[in-house]
Amino acid sequence: QVQLQESGPGLVKPSQTLSLTCTVSGGSITTGYFFWRWIRQPPGKGLEWIGYITFNGITGASPSLKSRTSISRDTSKNQFTLQLSSVTPEDTAVYYCAGVNGNTLDFTWGQGTQVTVSS
């Protein structure tokens, strides 16, 4: 069974780049037809889709965040990463990584990690 775990700093200063890593166990990130997603939930708000990387390395991002988002992967470590540049306090949220089976649309979630943007 696939499991995901987010890691990264819990506090980032405004204008800096937020970097998070998702480590996947119990399955390979190159297994077809999985999408590996980043999603966040700001305090008091709903879930917001950030972006994804597919099993074959294709990336995509939300139009509202695309200019600041970079998603990549390290297949040797079975990890994928999120970089969000020029952060502001509005980027404060719980950040989740998730694996989505493209055939069944089943989601497997990480536990989430709190990131606060503050000076």
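**Disulfide, strands and ring pairs**

Tutor: Strands S1 and S3 pair in the antiparallel sense over five bridges. This is a predicted model, in which local features need pLDDT of at least 70, side-chain atom pairs count only at pLDDT 80 or more, and totals for chains, interfaces and linings use all residues. Residues are numbered from 1 along each chain as its sequence is written, and side-chain values use heavy atoms, leaving out hydrogens and water.

Student: What makes S1 and S3 a pair?

Tutor: Two strands (DSSP runs of E, at least two residues, numbered from the N terminus) pair if DSSP finds at least two bridges between them. S1 and S3 have five bridges, and Gln-3 stands opposite Ser-25 in S3.

Student: How do you know that Cys-22 and Cys-97 form a disulfide?

Tutor: A disulfide needs two cysteine sulfur atoms within 2.5 Å. The S to S distance of Cys-22 and Cys-97 is 2.1 Å, so the pair counts as a disulfide.

Student: Why is the pair of Trp-36 and Phe-80 called tilted?

Tutor: Rings of Phe, Tyr and Trp (its six-membered ring) pair if their centres lie within 6.5 Å; planes under 30 degrees apart are stacked, over 60 edge-to-face, and the rest tilted. Trp-36 and Phe-80 have ring centres 5.9 Å apart and planes at 45°, so the pair is tilted.

Student: Why is Trp-109 called partly exposed?

Tutor: Buried means under 20% relative accessible area, exposed over 50%, and partly exposed in between (1.4 Å probe, protein chains only). Trp-109 has 38% relative accessibility, so Trp-109 counts as partly exposed. Tyr-96, at 18%, is buried.

Methods. Helices (H or I, at least four residues) and strands (E, at least two) are DSSP runs, numbered from the N terminus.
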